[in-house]
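Morning, everyone. Let me put one model on the screen and walk through it.

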Amino acid sequence: MQGLQGKRVLITGASSGIGAGMAKVLAREGCRLVLHYNQNDSGIRQTLAEVEALGAKAQVVQCDFRDLSAIAGFFKQAWSLFDGLDGLVNNAGVVTKTTAVNDSSGEQFAETLAVNLQAPYQISTEFAQACIRADQPGAIVNNSSIHGQATCEWFSAYAASKAGLDAITKVQAVEWGRHGIRVNGLAPGVVPVERTFDILLKPEMEQYWSERMPAGRYGNVEEMGEATAYLLSDVTSWMTGSILTIDGGLIARGNYPLR
Ligand SMILES: NC(=O)c1ccc[n+]([C@@H]2O[C@H](COP(=O)([O-])OP(=O)(O)OC[C@H]3O[C@@H](n4cnc5c(N)ncnc54)[C@H](OP(=O)(O)O)[C@@H]3O)[C@@H](O)[C@H]2O)c1
């Protein structure tokens with residue numbers, strides 16, 4: 001995709017799932033990658049080996065985003081590895097289900113908001129400041145979710161974090177547009193990843209979801225990577241403040257009975 005060759009991109013949460021898929025697509029597009037992870041050492045080693053096998057230059061950084069005080073140091077390290085960054089993909093996140101029974105203290109709610117909302121806010125702010133100091137443009141992709149737009153029971157923390165991320169995407173796009181920094185969001189639907197294979201790949205579950213999605217199937221991490229490459233590339237040079245929903249039509253369909 002136009003304008004990606006040689007670009008330096010930080011992807012958070014690249015040790016599994018969608019982040020690992022994004023890394024492979026961006027490696028194929030010729031990007032140099034800074035791959036972030038938190039706990040999954042073997043996962044990040046696998047992503048690193050796969051992107052290097054595709055010919056990409058890549059480096060790894062670790063950070064637990066529950067500790068928001070660690071973010072400035074983490075970003076400084078990420079920025080230094082290739083002497084700057086052109087793109088940032090805020091992908092790391094936790095998918096939590098909160099109920100009155102399992103989260104009466106609000107601890108899980110606070111942790112979800114820290115990792116899914118405040119961390120990307122702070123990382124993007126560090127990225128924008130560094131781009132402005134270096135007098136260079138930049139592109140940010142925030143991996144949100146359809147839960148930012150339409151949600152259901154148990155997702156109060158998760159949906160709040162993603163709706164907040166969509167709001168930040170728009171505000172930061174407005175604030176930083178004049179500096180040549182674009183900020184867009186991706187809102188994936190149901191994408192099986194290692195974390196959910198056990199549940200989503202059961203034939204009865206696959207049939208249940210397929211019947212409710214106009215495209216008739218789940219998405220895959222490769223498709224999320226392609227959409228991310230699109231948002232980082234020059235093809236979308238006039239696109240900022242947008243949320244790209246990519247869900248096989250799931251939320252376009254109302255809650256009507258199956259016909
Ligand atoms: N899969 C879907 O259907 C779907 C749909 C919509 C949106 N999304 C979004 O896609 C993103 C990736 O999720 P995924 O489905 O690919 O799940 P995943 O495979 O579990 O990936 C989550 C990533 O986030 C990192 N992470 C989790 N907690 C962290 C923390 N405290 N500090 C720093 N990093 C942390 C993980 O790192 P370690 O494992 O190394 O600790 C991992 O790399 C999330 O933002 C999620 O909300 C997913």
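I will take the sheet, then the helices, then the salt bridges, then a surface patch.

First, the ground rules. This is a predicted model: local features need pLDDT of at least 70, side-chain atom pairs count only at pLDDT 80 or more, and totals for chains, interfaces and linings use all residues. Residues are numbered from 1 along each chain as its sequence is written, and side-chain values use heavy atoms, with hydrogens and water left out.

The sheet. It is open, with seven strands paired in parallel, and the order is β3-β2-β1-β4-β5-β6-β7. At the edges sit β3 (58-62) and β7 (243-246), each pairing on one side only. From one strand to the next, the twist averages 15°. Strands and helices here are DSSP runs, numbered from the N terminus: E for strands, at least two residues; H or I for helices, at least four. Pairing takes at least two DSSP bridges between two strands. Strand β2 (residues 32-37) has five bridges to β3. In one of them, Leu35 partners Val60 of β3.

Now the helices. Helix α1 (residues 17-28) lies across β1, β2, β4, β5 and β6, at about 170° to β1. Helix α4 (residues 107-134) also packs on the sheet, touching β1, β4, β5 and β6. Its direction makes about 175° with that of β4. Contact means heavy atoms within 4.5 Å. Angles run from 0 to 180 degrees between N-to-C directions, with axes fitted to C-alpha atoms, for helices over the stretch in contact.

How many salt bridges does the structure hold? Seven. The criterion is a Lys or Arg side-chain nitrogen within 4 Å of an Asp or Glu carboxyl oxygen. Take Glu50 and Lys24, at 2.9 Å, N to O. Glu50 is in helix α2 (residues 41-53) and Lys24 in α1, so the pair ties together parts 26 residues apart in sequence. Next, Glu111 and Arg66 meet at 3.7 Å, N to O. Glu111 belongs to α4 and Arg66 to the loop between β3 and α3 (71-81), so this pair ties together parts 45 residues apart in sequence. Asp64 joins Arg66 and Glu111 in a salt-bridge network.

Last, the surface. Met1, Tyr230 and Val235 form a nonpolar patch, with about 240 Å² of accessible area together. Patch members have over 30% relative accessible area and no salt bridge; like charges are joined within 9 Å, nonpolar side chains (Val, Leu, Ile, Met, Phe, Trp, Tyr) within 5 Å. Areas are Shrake-Rupley with a 1.4 Å probe, and for residues only the protein chains shown count as cover. Met1 is in the segment before β1.
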